[in-house]
Amino acid sequence: MALTLLRGMRTPVSSGSNPGLFFAVLRPRLSRFTARAESAQATEPKAAPPPRSIQLATKEAAEQKTQGFEAVIGIETHVQLSTVTKAFCSCPYSYGAQPNSTVCPTCMGHPGTLPVLNEKVVECAVKLGLALNCEISMTSKFDRKQYFYPDLPKGYQISQFDIPIAKKGHVDLDLPVEFGGGHRKFGITRVHMEEDAGKLLHSESSSYSQVDLNRAGVPLLEIVSEPDMRTGIEAAEYGAELQRIVRYLGVSNGNMQEGSLRCDVNVSIRPVGQSEFGTKVEIKNMNSFSAINRAIDYEISRQILLHKEGQADQIVQETRLWDESSQKTFTMRKKEGLADYRYFPEPDLPEVVLTSDYINEISKSMPELPEAKRRRYENMGLSMQDVLFLANDDNIGHFYDSTLEHGADAKLAANWIMGDIAAYLKDEKVSIDEIKLTPLELSELIASIKNGTISGKIGKEILAELIAKGGTVKGVIEEKDLVQIADPAAIEAMVDKVIADNPKQLEQYRAGKTKLQGFFAGQVMKASKGKANPVLLNKILGEKLNAN
């Protein structure tokens, strides 16, 4: 066990085949976010507004142009790739594995080790670059980004600096209908490859932080947007669209709670009509798209409030953390100027040289992407609400398309999926590929209702059974004798009996209380166990009730 002294940190480092946990003793003691938040609160403007003022400013921020300000928002997104091994060594990576159990001398930064590029990382980068409508660099290179941090064992990160693998792209998306809808197009500055750092595990009760290097060397793609967004919902939907794209491509699971997709947001405000940007503030620590929306809206309102109170000079370039419990951002660290990472070309890795054939081959293998699917569904005549629900989840879109391939009507299939099936998924907290209903049987169910074999009510009962237990529509109909009664004579006999059994209601109906027709129809449906053809039933019932 050797001791390494690093800038006031005492870092015991274990050796041997099982490295165990690294840890660093930090003095004076810090207690994770609480200490940061308390420190941040102490640096907040002295004339901090009361909660009601913040809420008012948040409400006003929704209509920024009316009060003379607009927000400028850009996002840096890190996507963790789902490759079998890490970026520059043969170690696997599994989220939640025992700390420091998937490491080797290369990803631990031992002297004398050499990186070897995982070719799958390049393939994923080209796929994402094409999906984001970027220019692909035929020749790119890796660089060393040098900085000190306990979870960066080499003292530098292998990244790409001046020649990224993809640049000058854009992403198209549709805002949710409940937020006003509308199409948006946001620019992409660049996409570049790099490796991830390790992870610090802060102790709640002791004065040390442990270092887990399992994540060190895991391949990342960083996507840098243009500062084209103006509201929190636009930024959140941009992040959600990136998540959809990487999932459609299969390059990442995009799970924010696992850190597979991480968004750092840059926010500034400026007077409407001003071309110069305001002071940029970076926000971190957001683990959901709704948190991104709320964090940005809070930060916009905070900056507008400071401008209105004549304290614009208190908006400084800094990194702030979003605190979910208080719904506020707090100062994490000030930025005195641009960081000097002393980039220089990575001497241990050659340039990445691509060919046109290689890019064309990847392009041909690309699946239909969310934007193309949305436009296809829209051209089929579906409403935008239907389009967004079906296309924004790859599994639901695949289920829907498979249902149509079996001959189902597009609108009817959408209604069933967005209605009863979506309700089941929400209640049971499962995905559509986990239920026992198949696209073939959904199409059979729709056809059986359409041709009059069963009623819509019976269809709902059959659907519930198929979702939970599986089976076939035909099998359930035969097993439970659910074939719809479409014989006029049989329905007429039931109608006559119900009318005869309810003389008082008949008298009230003929006296002008015509809403009682629903009562009679319900009694007939009850007698037929829901199997009477509703169209035929209402026709016969109307004739009988209105007869002399």
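1. A word on terms to begin: Ala, Val, Leu, Ile, Met, Phe, Trp, Tyr, Cys and Pro count here as nonpolar, Asp, Glu, Lys and Arg as charged, and the others, Gly among them, as polar. With that in hand, the lining of the largest cavity divides into 6 nonpolar, 1 polar and 3 charged residues.

2. Please keep in mind that this is a predicted model. Mean pLDDT for the protein chain is 86, with 87% of the residues at 70 or more. The stretch to treat with care is residues 1-61, where pLDDT stays under 50. For that stretch the model has 100 contacts beyond four places in sequence.

3. Back to the cavity. The count comes to 1 cavity of 30 Å³ or more, and the largest cavity holds about 50 Å³ of space. Its lining is made up of C107, L152, P153, K154, Y156, E195, D196, A197, A216 and G217.

4. Now the interior. In soluble globular proteins, nonpolar side chains tend to be buried together. Here the largest nonpolar core has 67 residues, and L132 and Y238 are those with the most contacts inside it. Helix 4, spanning residues 232-249, gives the most to this core, with 9 residues.

5. Apart from that core lies another, of 32 residues, with I454, I462, L463 and I477 among them.

6. Which residues does Y238 touch, leaving aside those up to four places away in sequence? They are I75, T77, V171, L173, F186, I188, I223, S225 and M229.

Notes: Residues numbered from 1 in each chain as written. Predicted model: local features only at pLDDT ≥ 70, side-chain atom pairs only at ≥ 80, totals over all residues. Heavy atoms only, no water. pLDDT = per-residue confidence, 0-100. Contact = heavy atoms within 4.5 Å. 1 Å grid on protein atoms, 1.4 Å probe; cavity = no way out; pocket = protein on both sides within 12 Å on 5 of 7 lines; lining within 4 Å. Points joined across faces, edges and corners; volume = space filled by probe spheres on them. Core = buried A, V, L, I, M, F, W, Y, C linked by side-chain atoms within 4.5 Å. Buried < 20%, exposed > 50% of the residue type's maximum accessible area, 1.4 Å probe, protein only. Helix = DSSP H or I, 4+ residues; strand = E, 2+ residues; numbered from the N terminus.
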